[in-house]
Each structure stands twice: as structure tokens, then as C-alpha cells.
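User: I am new to this structure and would like to learn how to read its features one at a time. Could we begin with how to tell whether a residue sits inside or outside?

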Amino acid sequence: MTQIVKRSYKYRFHPNSRQVEELARTFGCVRLVYNMALEERTRAYTLNGRRISYAESSAALTAWKRSGDYEFLSEVSSVPLQQALRHLQAAFANFFAKRAKYPTFKSRKKSRLSAEYTRSAFRWRHGHLTLAKMDAPLNIVWSRPLPKGAEPSTVTVSMDAAGRWFVSILVEETIEPFAPAEQTVGVDAGITTLVTLSTGDKIANPKYERTDRRRLAKAQRALARKTKGSSNRAKARLRVARVYARITDRRRDFLQKLSTRLVRENQVIAVEDLAVRNMVKNGKLARAISDAAWRELRAMLEYKARWYGREVITVDRWFPSSKLCSACGTLHDKMPLDVRTWQCACGAIHDRDVNAARNILAAGLVDK
Ligand SMILES: [Zn+2]
């Protein structure tokens, strides 16, 4: 079935100096408005148990703009400020529905710098995107094309910790499902091999990741040695952010290709529940990165499966995928992590991860 989905395309862009100034000011106002509205909501909630609505927050924003202290809020586009209030509204809705913790203030240092523009606050013409309060279009690096005839509905501008500028463009896109596939697959997540498939295929972490990780560890050590508040520390922090940004970018690219391949080839994809891996507490960098990669891959598999008419099945977190012989079904007591291959009493010789992937597939197909 053909579907129309909302999809965002993210690109880097290079702002000119006036755009940098405008965006920096907008980011600051977005953060301020969010924090002030959060304060008001918190006061009403803790003092009177009262919930403030979006409309009330919006009226407060208008009042702030008119008051002497916050007149500068009128200098930036009003849309990103209103969007900040909408995000706050959503955060509270999630909190009241017990889906999330109580919203927190956006800190100057840690919060993501971003501003969201809806249709009335940007111009899209002949492939040029111009934001409100700007006279020149953004100089976007079109690393891949937007779908033909796409009409952006929302545009989000952000700057990451490495000082890079991004624009994320939300469009509606028509997705045609893939033709049905015969194959099914079980996926086991690992550390050295990113994933192992029930077919016996092992997909390693990309080669560069080891080098990048070493660089990251080195940059983090250098950062730790710098004096707090010094300019060298700021430089060292930027260096860490840059190496980290490169790791995540390359990884995302790799995971995009891998998830597309798995979804294209298989009708059913069985995976382990995320919680299994969250339970393993380990501060090691390799572990943290592989956990993040696995989470990201899972999310990609899920939305792509929805788009292309496939099914992702999650296998229960308590399922003993490593201890079960996938040939005869005998459950073994122990299977220490350092045992990579083993032989069952039935004669089957197993690669630990392939065996786990096969069990995950079998369990997934039973649950179906
Ligand atoms: Zn066996």
C-alpha cells in the first residue's frame, strides 16, 4: 500500500555573518522564552496545582514582548518562539501522561541550539530556502536531493557542539512498499561485530571506528588535563565534539545502508529487546558507542519496516538466546561471555552469536 509519510532531510549549511548573528539571537530568545514559560508553569503547578495551557503561555509571550525588559524578543521571528512554547506544551503533556519526567530548563551550555520555523516563517522557491528576518537564502550543502516536487512544511535550524550548522527540512513523501520477500532474519547485537545475522553473516563495526575511538579517547584525556575556564579548555572541548560528531555521522551513514539492506531482503526481522543491553552497565567507550548504534539501528529498522511493508518483531528481554542450542533446543546453564564457539551434546557446533541470532529468529516467528 502506497503511503504518504512525513520525512525530514538534514543538510549542513554555511551561514553568512549576518545569518550567524540572526540565528544566535534567535537561539538565545528561544531558550529564554522556553525557560520563562517553564518557570510560569512550574509556579502555577506547585503553588495552585494549576495547569497552564499553550494559549496562556502564548498570551504571556505577547505580554513579555511589550514589557520593557524583554522588548528584544520582538526583534527575532516570532514563529520559533511560538514553536518553543509548543514543544514545552508537548513536554508537559508527556509528563502528565507519565511518559516523561518533569521538563527541565534549557541551560546555556548543554541545551541543543535550535529554532523551528513553520510554513509562514520561511520562503521556499526554486530550491532556495530563506528564513524570516533574512534577506539571503541559506547556503545549503545538498548532499542528497529532496524528493521531486517536495514542499517543506517545517524547517529546523541547529548548531551542534562542534560548531556545525544544520538545517532539517520536513516534507511529505510518497513511499512505495517493496515487493514481498521470502526471507526472514534474526539479528543479534554485539560489540566487536555490530550485528550477527541468523544467516551466519557477521557485520563488523566500520573499520574507521576503532581509529576514531582512539582519537576520541585521546581528545577526552587532553580535555581532562586543561584548566577549567581556560581558552585551551574550550579548544579541547571543541576538538572532542568534532571527533565525536565524525563518529556519529559516519555511523549513521553506515546504519542507514545496513537497515535499508535488512528491510529490503527480509519480510520479518526479529531483534532483541533493547532493555537487555541497557541492563549491562559498563562505562567503556566501545560499549557506549555500540549501545547507541544498536538503538539507532533498531529505530531505523522500525520506521523503514513500516514504510516498506515489513515486520520487526521484538523478542522478550528474558529470552536466553545465548544459552539455547538452536539445533536441538537444549537449554544450557551457563554461557560465559568469553565462550565464542561451543558444542552441544547433540553434536551441533555453534558460533555463539550466530546461534543467538537463530534463536531470536525462531522466538520471533513463534510470537508472531
Ligand atoms: Zn543441541
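Analyst: A residue is called buried if 20 or more other C-beta atoms lie within 10 Å of its own, exposed if 12 or fewer do, and partly exposed in between, with the C-beta atoms placed from the backbone. Lysine 98 has 7 C-beta neighbours inside 10 Å and therefore counts as exposed. This is a predicted model, in which local features need pLDDT of at least 70 and side-chain atom pairs count only at pLDDT 80 or more, while totals for chains, interfaces and linings use all residues. Residues are numbered from 1 along each chain as its sequence is written.

User: Is leucine 23 buried or exposed?

Analyst: Leucine 23 counts as buried, because 24 C-beta neighbours fall inside 10 Å, and its place is in helix H1. Two residues are in contact if their C-beta atoms, placed from the backbone, lie within 7 Å. Leaving aside residues up to four places away in sequence, leucine 23 touches Pro15, Ala115 and Val157. Leucine 23 and valine 33 are ten residues apart in sequence, and their C-alpha atoms are 15 Å apart in space.

User: How should I read the packing of H1 against H2, and at what angle do their axes cross?

Analyst: Axes are lines fitted to C-alpha atoms, for helices over the stretch in contact, and angles between N-to-C directions run from 0 to 180 degrees. The axes of helix H1 (residues 17-48) and helix H2 (residues 54-66) cross at roughly 120 degrees and come within 11 Å. That makes H1 oblique to H2, given that angles under 35 degrees count as roughly parallel, over 145 as roughly antiparallel, 65 to 115 as roughly perpendicular and the rest as oblique. The crossing of H1 and H2 is right-handed, where right-handed means that the near helix is turned clockwise from the far one by less than a right angle, and left-handed that it is turned anticlockwise. On the H1 side Val33, Met36, Ala37 and Glu40 take part, meeting Ser57, Ala60, Leu61 and Trp64 in H2. Sorted by class, this contact of H1 with H2 has six nonpolar, one polar and one charged residues; Ala, Val, Leu, Ile, Met, Phe, Trp, Tyr, Cys and Pro count as nonpolar, Asp, Glu, Lys and Arg as charged, and the others, Gly among them, as polar.

User: What angle do H1 and H3 make?

Analyst: H1 and H3 pack at about 40 degrees, with their axes 9 Å apart, and that makes H1 oblique to H3. Their crossing is right-handed. Among the residues that meet here are Val33 and Ala37 in H1 and Leu81 and Leu88 in H3, and by class the contact of H1 with H3 has twelve nonpolar, one polar and one charged residues.

User: How do I read a sheet, and in which order do the strands of the sheet with S1 stand?

Analyst: Strands of a sheet pair through backbone hydrogen bonds, either parallel or antiparallel. Two strands are taken to pair if DSSP finds at least two bridges between them. Here five strands form an open sheet in the order S2-S6-S7-S1-S5, with antiparallel pairing. Strand S2 (113-118) and strand S5 (140-141) stand at the edges with a single partner strand each, so one side of each has no neighbour in the sheet. Strand S1 (residues 3-13) runs antiparallel to strand S7 (residues 165-175), and ten bridges join them; arginine 7 stands opposite valine 171 in S7. H1 packs on this sheet, touching S2 and strand S6 (154-159), and its direction makes about 95 degrees with that of S2.

Notes: Helices (H or I, at least four residues) and strands (E, at least two) are DSSP runs, numbered from the N terminus.
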